[in-house]
Amino acid sequence: MKFLNPAYKRTLWSLVLIVLLGLLILLTSFYRVITYSVNEVRSRQLDRAALQFKERLQELPMPKRSDENWEVVEKYPALWDSMEFMSHLINAHVWLVMPNGRVIYTSRMPDEEKTAIFERPDLNTLRLDADHVGSEWGDNGVVLKGGNFHGLFSGLGGSWLSVVRPIVSGGKVHAYLHIHERVNFLRDFQLYLLNGLAISMAVAIVVAMGFIWVFMRQLTKPIELLSSAADQVALGDLSVQVSLPPVSAIAIFDEHNRIRHLISTFNHMIRRLEASNTEQRDFISSISHDLKTPLTSINGFVQGILDGTIPPEMHQRYLKIVGEESQRMSDLVKDMNQVVQLDGHALEYNFESFGLNQMVYEVIVSLMPILEEKHITIQNDGIAMLNSETPYEVLGDATKLHRVFQNLLQNASKFVSDYGVISISCQEAVGQDGAQYLLLTIEDDGPGIPEKDWPQVFERFFKADRSRNNRSGSGLGLYICRQILRAHGQQIWVDRSELGGAKFCFTLPMS
């Protein structure tokens, strides 16, 4: 069992102990049933033997007086030989007792037993006291199961079965036939166990152990594979995957299904770790590129100013470029910091009712230099919202949602060409829970996003078109939008616009 880990060794031993405990309970119950059955069977056997000898004795001539010696032993030796054989066969004591207590016949008994049971054995006259002769049980006699025959066998110990039958002739009791047997329950139990139960129990134990072995092997093999895979992951190998165990008859056990679920979860976790590592590498590559270009420009301009390559009349122009590049790096670091806070749930949200029109107006105004520079037109509800023709009240954190609108409109303005179009649409709707919400759509006539990239477009550091190096950005804007909307219990998704470009739809709860 070296392949078993300690936890499953304990489980295996627990199962073995449970099986042994079950067998112990079974043996105890079996012992009680056997002892009861032995008492019943042996009592009936003794009683049948007593009735047979009683019938044979009642056919013999009886003594005329109760104190007269019944010389049946001397006159009918064959009868007593058969009684002797019977007593030896059933391992019982057979006595013939006169009403006055005198014992005229006993089967073979050790002298120490005679001394412990009878009166006057030293005078070669065996006698029972009046309480044990049998007259107190009437003409039908008695069958006693267990005990010591009212204390007669207390000196010998053990439990005894006793049958007493009167020998009756002419309406008169002439003698009493006694048959007594010491019960050996352990001997009978062993006999029944060996003959009837031992083989069945041995087979049952072997089969049970076989099932336990197979069951534990089915459980431990996947655990070993998981442990080996975890060691490889700890060494940095994220390509490892654990094969799911086949669905077999043992799948009826809940632990088997849980292990399959554990392996599936483990494989999913490794894939997520590998994807996260890929994202991190892509992020470092993207950030390195995004930082390298402005840093190179800043370093070149500063060196040109310091060494006089750039004339003084051009300093203002190039210092402005340096400032813009510094601001772009500052925005990039700010985005990275916000992503860390979003992932760590460190941001606090102040949910309140506010006017959506004013927010959209402020975002458009903040982007007006870009819009005017590229001659971009805002269409549809965007005009109505700017003019406050259709006021909307929503519930949420105004500051965080401002960032969502700013990121989406900034992306749209970045990718549309000169004289392009950005459309803002707003529509009221009712959810399945009866709550009212706004469905907002921001779309443009730019190049759009390839449909194959839609599932990843809201992931961290993802850029739909990596070949366009002139496109600034860290690939964090859409991820930030999704995380903020999720915190509001809302959704955001991407689609293809009828204008030909990208289309982003998201919901906001109405107050």
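1. Let's start with the second largest pocket, which holds about 260 Å³ of space. Please keep in mind that the model is predicted. Rolling a probe the size of a water molecule over the atoms shows where empty space is left.

2. Which residues lie nearest the centre of the second largest pocket? They are Ser87, Asn91, Ala92, His93 and Arg108, from a lining of 14 residues. By class, that lining divides into six charged, six polar and two nonpolar residues. If you set up a selection for this pocket, note that α3 (77-90) and β5 (172-183) each contribute at least two residues to the lining.

3. Now to the chain overall. The protein chain has 511 residues, and 40% of them count as buried. Its secondary structure comprises twelve strands and twelve helices. The accessible surface of the chain is about 28800 Å², with carbon and sulfur atoms accounting for 55% of that area. Taking contacts between residues at least 6 apart in sequence, 66% link residues at least 24 apart.

4. Helix α7 is worth a look in your viewer.

5. Which residues of α7 are buried? Along the helix these are Tyr318, Val322, Glu325, Met329, Leu332, Asp335, Gln338, Val339 and Leu342. The list includes Glu325 and Asp335, and both of those residue types count as charged.

Note on methods. Residues numbered from 1 in each chain as written. Predicted model: local features only at pLDDT ≥ 70, side-chain atom pairs only at ≥ 80, totals over all residues. Heavy atoms only, no water. 1 Å grid on protein atoms, 1.4 Å probe; cavity = no way out; pocket = protein on both sides within 12 Å on 5 of 7 lines; lining within 4 Å. Points joined across faces, edges and corners; volume = space filled by probe spheres on them. Helix = DSSP H or I, 4+ residues; strand = E, 2+ residues; numbered from the N terminus. Buried < 20%, exposed > 50% of the residue type's maximum accessible area, 1.4 Å probe, protein only. Contact = heavy atoms within 4.5 Å. Areas by Shrake-Rupley, 256 points an atom, 1.4 Å probe, with all protein chains shown as cover.
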